[in-house]
Amino acid sequence: MTEPRRTRRGPDGTRHSAPGRVDAGPGLLEPVDPSVFPDRAARRAIDGGARSARWTALLDQAGPILADGAMGTMLFLNGLQFGDPPEVWNLTQPEVIRRIHRGYLEAGSQILLTNTFGGNRLRLGLHRLESRVAELNQTAAILLRSEVETAGNQALVAGDIGPSGAIMAPVGTLDYEEAVDVFAEQAGALVDGGVDLIWIETMSDLTEIKAAIEGVRRVAPGIPLITTMTFDTRGRTMMGVTPEQAVEALRAWGSDAIGGNCGNGPDELVPVMSQMRGVAPDVLLVSKSNAGMPELVDMRAVYRASPETMALAAVEMQVAGARIVGGCCGSTPDHLRAMRAALVAGASVGA
Ligand SMILES: [Zn+2]
């Protein structure tokens with residue numbers, strides 16, 4: 001922590017994007033320090049591949065891989081009030097959290113995310129819960145793990161990490177080094193709870209997601225890592241990052257799988273997959289689209305895509321290059337079940 005390292009400043013010293021502005025391209029990335037951002041070979045050298053054995057076994061199976069669907073949507077259906085921190089339900093309503101996970105396991109999901117999207121100390125601090133990071137994240141991992149084991153299932157437990165909730169300096173106030181520390185704290189608790197992998201999602205800022213990756217690597221150098229950003233602003237992230245820039249940077253920082261999640265529905269995410277595939281044919285691509293464009297009804301976001309629509313979209317994602325496919329906001333176990341059926345049918349005819 002005391003020894004300053006060049007890679008800790010962020011992708012480059014001058015990068016600072018406002019919404020809609022063009023971010024620095026991956027060509028401007030600093031050289032990547034493999035001790036901070038180990039690639040697959042470096043990670044095998046650390047632990048002989050032990051940490052990623054379950055992940056490797058999943059990838060070795062042929063065909064598409066189904067992730068899960070929305071957590072927040074299901075929590076609202078179960079009575080969570082707008083503005084309440086969902087992570088508290090890991091402690092107060094563990095049976096509800098387990099039941100939501102069970103729904104996705106029964107729908108055929110092979111990678112499920114813990115209920116920890118906002119489980120970092122900055123977001124929890126908005127509810128004066130900043131001292132509960134370890135407890136909330138660890139409990140979430142244990143809940144999902146026990147549900148998977150009860151099901152006798154081979155599904156993987158992914159520790160979910162969302163954005164910090166703060167804007168990175170110099171536009172905002174969050175210093176890169178502090179961001180690394182915030183994400184390392186959350187990742188450490190998820191790892192203590194026994195997750196198989198970490199899934200960093202819904203990111204808009206390359207500097208922030210780099211800090212999150214560095215934080216994960218600080219506590220778990222060998223763990224598999226999925227990273228997805230949200231391309232909801234005319235084909236870019238809110239901070240101006242293109243799919244091409246994202247996939248090249250995230251690959252350089254050692255992500256095992258890369259893609260998009262959330263946003264305005266599958267019509268937005270299919271071209272993101274194609275663009276990523278175009279510049280990174282070797283990368284394992286991930287798609288987790290919202291169930292259509294969010295509409296505001298009575299101050300709540302409503303998603304109208306049917307299970308049939310999401311099933312068709314899942315096949316489109318697959319054709320565009322995604323191997324790991326799931327749903328984000330608005331998607332329920334019914335959506336995921338339909339998607340699974342369509343993906344399996346597509347795979348068996350060689351789509
Ligand atoms: Zn979403």
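I began with burial: of the 351 residues in the protein chain, 53% count as buried. I note here that this is a predicted model.

**Overall build**

I looked up the secondary structure next and found 13 helices and 10 strands in the protein chain. For the extent, I read a box of roughly 50 × 50 × 45 Å, filled by the C-alpha atoms and taken along the principal axes. I then checked the radius of gyration. A compact globule of 351 residues would have a value near 20 Å, and the protein chain has 19 Å, so the two agree. I also looked at contacts between residues at least 6 apart in sequence; 79% of them join residues at least 24 apart.

**Backbone exceptions**

I wrote down a reminder before this part: most residues other than glycine have a negative phi, and most peptide bonds are trans.

Which residues does a cis peptide bond join? I found A169 and P170, with omega at about 10°. I placed P170 in the loop between β3 (156-161) and α8 (176-192).

I went on to T202, which is not a glycine but has a positive phi, near 60°. T202 is found in strand β4, residues 197-203. Is T202 buried or exposed? I counted 22 other C-beta atoms within 10 Å, and 20 or more are needed, so T202 is buried.

I ended with C262, where phi is positive at about 65° although the residue is not a glycine. C262 lies in strand β6, residues 257-262. C262 counts as buried because it has 24 C-beta neighbours inside 10 Å.

How values were computed
Residues are numbered from 1 along each chain as its sequence is written. This is a predicted model: local features need pLDDT of at least 70, side-chain atom pairs count only at pLDDT 80 or more; totals for chains, interfaces and linings use all residues. Helices (H or I, at least four residues) and strands (E, at least two) are DSSP runs, numbered from the N terminus. The radius of gyration is taken over C-alpha atoms; the globule rule is 2.2 Å times the number of residues to the power 0.38. A residue is buried if 20 or more other C-beta atoms lie within 10 Å of its own, exposed if 12 or fewer, and partly exposed in between; C-beta atoms are placed from the backbone. Two residues are in contact if their C-beta atoms, placed from the backbone, lie within 7 Å.
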